[in-house]
Amino acid sequence: MRYDLDDLRLFLHIVREGSITAGARHMHLSLPSASARVRSLEHHAGVALLIRGRRGVRPTPAGATLARHARDVLARTARLESAVASYTRSPTAPLTLLVGGSAMHRLVPRALISFLRAHPDTDVAVSESRTPRTVRMLADGEADLGVVLDDETRDGRLRTEPLGDDSLVVIGQPGGILAGRTALTYGEVAEHPLVGLNADSSLRRWIEAHLGPQAPVVRHRTTVANLGVLVALAAAGVGLAVVPRRAVDPHQPLDICELEDPWARRHQLLAWGVRDSAASTATAALAEHLRNAASSGPVFRSADAGVDTDAGADLDADLDADPDGQRLFPDG
């Protein structure tokens, strides 16, 4: 019997999540397509691989055996591809960095400015990517480094390390609705008009996934594609916004409140691709610049105190201006 590698990846996701629907989502497949792939696996194996119940699925003894060997097959395939790629990859090929939308807004620009200035002979290809896709590409040897969220990283093959806090906060116009408040729940936030990111953005989808089917109905006055624009709209009093704390422009007056919901507390990890052993000093250097950028947190204004805190102002000045005093990353 010939096994399709994507079918094996799908089966592992289903077993890990206990749900065909969740497994299909990981592989960006429709539920009917994922179900058909599982039925095809069972047909060719000649035995049931999953026990289906009202609360999800679990592997049969045969399914557990398949999952165990599938993990080994995929790991060996990734190592094979990485070994062959090491002969074809040019020493000057760009490093591949995959990050979520939150990291793309301030963390990555900071790290790139310092890294590219220090390493003029090394290029970096940066792409925005949700954590499940980033993890898969790193495990398959298709990327060098990734910035991922801790609660969505379950691949034991990857080397990861803590990178920084990426918790969500509520922001609004200074002296507005949030004045005098230090924290509130998302349910309280949803009682007011909001501005948000587009429905297909990684942050919007992450929030909605954690709110679940009981999510409160919210009124979005508008949705945009860029975190900088979102922060500017909230600062102007158009509506409240839920954003990563690191996305807040440290020079922009805002009222900021903690979001009390447990899911709002998230952390970023730096994840290494399986090809990092052949990648080199350049990958390690880029990782170090990401660590340095993450260690300099943004300045933010407390809604009740009205004062700036944290010591990231110097790095933000480097981010916003080049040596001639011109702004490299204009607001928004």
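# A chat about a predicted model

Q: How many strands form the open sheet with β3 in it, and in what order?
A: 5 strands form that open sheet, in the order β4-β3-β5-β13-β6, with mixed pairing. Two strands count as paired if DSSP finds at least two bridges between them. Helices (H or I, at least four residues) and strands (E, at least two) are DSSP runs, numbered from the N terminus.

Q: Which strands are at the edges?
A: β4 (124-128) and β6 (159-165) are the edge strands, and each pairs on one side only. On average, neighbouring strands of this sheet are turned by 20° against each other, direction ignored.

Q: Is this a predicted model, or what is it?
A: It is a predicted model: local features need pLDDT of at least 70, side-chain atom pairs count only at pLDDT 80 or more, and totals for chains, interfaces and linings use all residues. Residues are numbered from 1 along each chain as its sequence is written, and side-chain values use heavy atoms, with hydrogens and water left out.

Q: What's the average pLDDT?
A: The protein averages 83, and 84% of the residues score at least 70. pLDDT is the predictor's confidence in each residue, from 0 to 100.

Q: Which elements have the lowest and highest mean pLDDT?
A: Strand β15 (residues 308-309) has the lowest, 39. Strand β7 (residues 168-172) has the highest, 95. Over residues 299-332 the pLDDT is below 50. Beyond near neighbours in sequence, that stretch has 73 contacts in the model. Contact means heavy atoms within 4.5 Å.

Q: Back to the sheet. How do β3 and β4 pair?
A: Strand β3 (residues 95-99) and β4 pair in the parallel sense, over 5 bridges. Leu 97 stands opposite Val 126 in β4.

Q: Which strands does α6 lie across?
A: α6 lies across β3, β4, β5, β6 and β13 (267-272). α6 runs at about 175° to β4. Axes are lines fitted to C-alpha atoms, for helices over the stretch in contact, and angles run from 0 to 180 degrees between N-to-C directions. Helix α12 (residues 281-295) also packs on the sheet, touching β3, β4, β5, β6 and β13. The direction of α12 makes about 170° with that of β13.

Q: What span should α6 have?
A: At 1.5 Å a residue, the 12 residues of α6 (residues 107-118) should span 16 Å. The end C-alpha atoms are 17 Å apart, which agrees. The expected span is 1.5 Å times one less than the number of residues.

Q: Which α6 residues are buried?
A: Leu 107, Val 108, Pro 109, Arg 110, Ala 111, Leu 112, Ile 113 and Phe 115 are buried. Buried means under 20% relative accessible area, exposed over 50%, partly exposed in between (1.4 Å probe, protein chains only).

Q: And how many residues of α7 are buried?
A: 7 of its 9 residues are buried. Among them are Thr 131, Pro 132 and Met 137. Gly 141 follows α7, and its phi is positive, near 75°.

Q: New topic. How many salt bridges are there?
A: The structure holds 12. A salt bridge is a side-chain nitrogen of Lys or Arg within 4 Å of a carboxyl oxygen of Asp or Glu.

Q: What does Arg 9 form a salt bridge with?
A: Arg 9 bridges to Asp 140, with the closest N and O atoms 3.5 Å apart. Arg 9 lies in helix α1 (residues 5-17) and Asp 140 in the loop between α7 (131-139) and β5 (145-149), so the pair ties together parts that are 131 residues apart in sequence.

Q: Are those two buried or exposed?
A: Both Arg 9 and Asp 140 are buried.

Q: What about Arg 52 and Glu 42?
A: They form a salt bridge too, and the closest N and O atoms are 3.3 Å apart. Arg 52 is in strand β1 (residues 50-53) and Glu 42 in helix α3 (residues 31-45), so the pair ties together parts that are 10 residues apart in sequence. Arg 52 is partly exposed, at 44% relative accessible area. Glu 42 is buried, at 13%.

Q: Which residues are linked in a network of salt bridges?
A: Asp 4, Asp 7 and Arg 37 are linked that way.

Q: Last one. Which strands make up the 4-strand sheet?
A: The order is β8-β12-β7-β11, an open sheet with mixed pairing. β8 (183-184) and β11 (241-244) stand at the edges, each with a single partner strand, so one side of each has no neighbour in the sheet.
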